[in-house]
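Please read them with the structure open.

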Amino acid sequence: MTTRPGRRTALALAALGIALSTPGLAAETAPTPFTVTRDFEGETTGDRAYDLSGMACRPAEADGTRLCVVVNDENRGAQFARLGATTLTPGATAYDLGTAPAPDIRGTPPAQSRCSGGPGKFNQLDGEAVAYAEPYFYVTGSHGCTRGKRKYKLSSMILTRLRPNAGGTAAVETVSTYRLFDALMAAGPVRDFVLRDLEFDWNDRPPEGTPQPNGLNIEGLAVVGGRLYAGLRAPSLDGRAFLVSVPVEALFAEGNATLTADVTTIPLAAGPDAGIRDLTILPDGRMLVLTGSSRNGLPVPYRLYLAELPTGTLTPVATIAPVRGENEAGKRIDGKAEAVVPLGPGRVLVLFDSLLNGAPHAYAVPLP
């Protein structure tokens, strides 16, 4: 294949870690890697972690470090970590759901599933996002069918709130709830996509032109102003991604009653096939949104936006230059940007799914 001069330039810039400019989005210089001082917990004891998919941190302490919670979508819970100036140090397990649902999970388990693979085991959380709002961390499962075998797992339908001890070595309070699922079922227009398959099984191809199932999948989480915001990777509808917002205390009210609260759906004009890959709240209370492909394999770049609440108006911030590394099979790939954490004025840390320990890299971003 002949490569045009413009394409040669694009390839050269990508090799240097420089993102091409897009109207309204600043081009970014090469990201700076952080050192992970030891491996995060993999799916089983002794595994190395290649599936980090969410992270959030408390404000800095006296020594300048920050306590964080990191989630691996292959695990049953989450893990503490300590963020330094250029390092990320894994810590103790923050919580573990176990291999059966605990009797004290609040709300009512989802009673229906349209996942084509049928029921699966209660094992992986399929954890996709972490949020922090003093004094709690919040961790959520995807609330969607599994991507590979298209199964329904009750363990993926759980939102957990935890309060760490002073040293960040254990949780002194942990409460889990099924009620985020109730909020999704009350959220038009996305409720029609709840527990649909995320994508087709391309080993059994449907007729040409058949629309993708576009099943709902949470990948971002934020808590601000007394409300929890779930950021949806899918569905992506007519160039819009979606936030689902609900009062946080209603989710964790005692008892097994279903959710009774005001649920709001906020569309974000993120572009065709773009979905939310993470959310975070800046120190001044503004929401930063990381977007990317709503399904695997689509040529949608990773971008950062500021989102105005409650309107959902987006202000472009930056395109995230890719980070390349080896996946678990030893193949060289571009990592999937799945977590963003503010580091300070004009800097963010991004973690990448499919790369060892999330391959954390810092980016300079021109936040207005």
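1. Cavity lining. This is a predicted model. R147, L198, G215, N217, R233, A234, S294 and R295 line the largest cavity. By class, that lining splits into two nonpolar, three polar and three charged residues.

2. Cavity size. The volume of the largest cavity is about 30 Å³. The structure holds one cavity of 30 Å³ or more.

3. Main core. The largest nonpolar core counts 57 residues. Y138, V139 and L228 have the most contacts inside it. Strand β7 (residues 127–133) gives the largest share of this core, five residues. A second, separate core has 21 residues, among them V317, A321, F352 and V365. In general, nonpolar side chains tend to be buried together in soluble globular proteins.

4. Y138. Leaving aside neighbours within four places in sequence, Y138 is in contact with A129, V130, A131 and A133, among others.

5. Strand β4. Seven of the seven residues of β4 (residues 66–72) are buried, so this strand is largely enclosed by the rest of the structure. R66, C68, V70 and N72 point one way, while L67, V69 and V71 point the other way. Side chains in a regular strand alternate between the two faces of the sheet.

6. Partners of β4. Strand β3 (residues 52–57) runs antiparallel to β4, joined by five bridges. Here C57 stands opposite C68. Strand β5 (residues 77–83) also pairs with β4 in the antiparallel sense, over six bridges. V69 stands opposite F80 in β5. A hairpin of four residues joins β4 to β5.

Terms used:
Residues numbered from 1 in each chain as written. Predicted model: local features only at pLDDT ≥ 70, side-chain atom pairs only at ≥ 80, totals over all residues. Heavy atoms only, no water. Core = buried A, V, L, I, M, F, W, Y, C linked by side-chain atoms within 4.5 Å. Buried < 20%, exposed > 50% of the residue type's maximum accessible area, 1.4 Å probe, protein only. Helix = DSSP H or I, 4+ residues; strand = E, 2+ residues; numbered from the N terminus. Contact = heavy atoms within 4.5 Å. 1 Å grid on protein atoms, 1.4 Å probe; cavity = no way out; pocket = protein on both sides within 12 Å on 5 of 7 lines; lining within 4 Å. Points joined across faces, edges and corners; volume = space filled by probe spheres on them. Nonpolar A, V, L, I, M, F, W, Y, C, P; charged D, E, K, R; others polar. Pairing = 2+ DSSP bridges.
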